[in-house]
Amino acid sequence: SRLRDLRSVLRYLRERQDMRGSFVLWGDSLAAVNPKERGEAVPLDVENPNVYAEPTGGLLALLGALFENDVKAVYASGGVASFGSLLSSQFLYVPHDSVVAGAATVGDVADIAAAIAPCPLKIDNLVDGRNRQVLASAAAEAFVNARQAYQRHGFSGQLSVSAARDREAAVWLLAQIKK
């Protein structure tokens with residue numbers, strides 16, 4: 001339903017006389033991540049110090065670019081590195097409404113990224129299913145298929161995947177708008 005809402009907003013903006021051109025999408029999560037050293041198993045009668053991830057914004061931005069041809073660039077932050085990471089433990093700190101039912105049977109987050117190539121794409125601050133920041137090596141490994149897709153199109157410089165949050169995301173998006 002959120003993707004439908006996004007597409008409705010884009011359709012409305014296209015009809016406005018003062019909004020001609022293409023769009024950039026920014027999907028972000030403001031949720032804090034759980035430290036790796038914090039325990040995951042918390043008894044039901046104890047206050048849980050773990051924080052839930054909010055990966056919907058980044059995934060929605062990717063899906064928006066997948067379905068809309070006039071998206072010029074995408075910045076996605078705070079999303080899950082892969083749907084598989086949601087299944088890596090019996091503990092899950094991702095809200096159920098941010099999981100797209102059946103998505104893992106079709107592809108993974110990196111497959112969505114690969115499908116929007118050569119659209120400029122910056123992904124950072126990736127988390128796993130327990131809302132812990134993934135290592136740079138795990139982020140790179142999760143997006144191998146996307147990197148290969150961008151290379152096949154001759155646009156390997158258009159994809160940036162980082163485990164850490166990029167403080168210059170707005171600058172990057174502004175540069176994409178000016179192109």
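**Entry 1: Asp70 and Arg14**

I looked up Asp70 in this predicted model and found that Asp70 forms a salt bridge with Arg14, with 2.6 Å between the closest N and O atoms. I then checked where the two partners sit: Asp70 belongs to the loop between α2 and β2 while Arg14 belongs to helix α1, so the pair ties together parts that are 56 residues apart in sequence. For accessibility I noted that Asp70 is buried, with a relative accessible area of 18%, because buried means under 20%. Arg14, at 25% relative accessibility, counts as partly exposed.

**Entry 2: Lys122 and Asp166**

I turned next to Lys122, whose side chain meets that of Asp166 in a salt bridge of 2.9 Å, N to O. Lys122 lies in strand β3 (residues 121-124) and Asp166 in the loop between β4 (159-161) and α7 (169-178), so this pair ties together parts that are 44 residues apart in sequence. I wrote down that Lys122 counts as buried at 10% relative accessibility, whereas Asp166 counts as partly exposed at 24%. I also followed salt bridges that share partners, and they join Arg7, Arg14, Glu68 and Asp70 into one network.

**Entry 3: Arg2 and Asp97**

How many salt bridges does the structure hold? I found 8 in the structure, and one of them is formed by Arg2 with Asp97, the closest N and O atoms being 3.2 Å apart. Arg2 is in helix α1 (residues 2-15) and Asp97 is in the loop between β2 (71-77) and α3 (103-106), so the pair ties together parts that are 95 residues apart in sequence. As for accessibility, I recorded Arg2 as partly exposed at 40% relative accessibility, and Asp97 as exposed, with a relative accessible area of 54%. As a reminder to myself on such pairs, side chains of opposite charge can pair when their charged atoms come close.

**Entry 4: Asn50**

Finally I looked up Asn50, which has its place in the loop between β1 (23-27) and α2 (56-67).

Note on methods. Residues are numbered from 1 along each chain as its sequence is written. This is a predicted model: local features need pLDDT of at least 70, side-chain atom pairs count only at pLDDT 80 or more; totals for chains, interfaces and linings use all residues. Side-chain values use heavy atoms; hydrogens and water are left out. Helices (H or I, at least four residues) and strands (E, at least two) are DSSP runs, numbered from the N terminus. A salt bridge is a side-chain nitrogen of Lys or Arg within 4 Å of a carboxyl oxygen of Asp or Glu. Buried means under 20% relative accessible area, exposed over 50%, partly exposed in between (1.4 Å probe, protein chains only).
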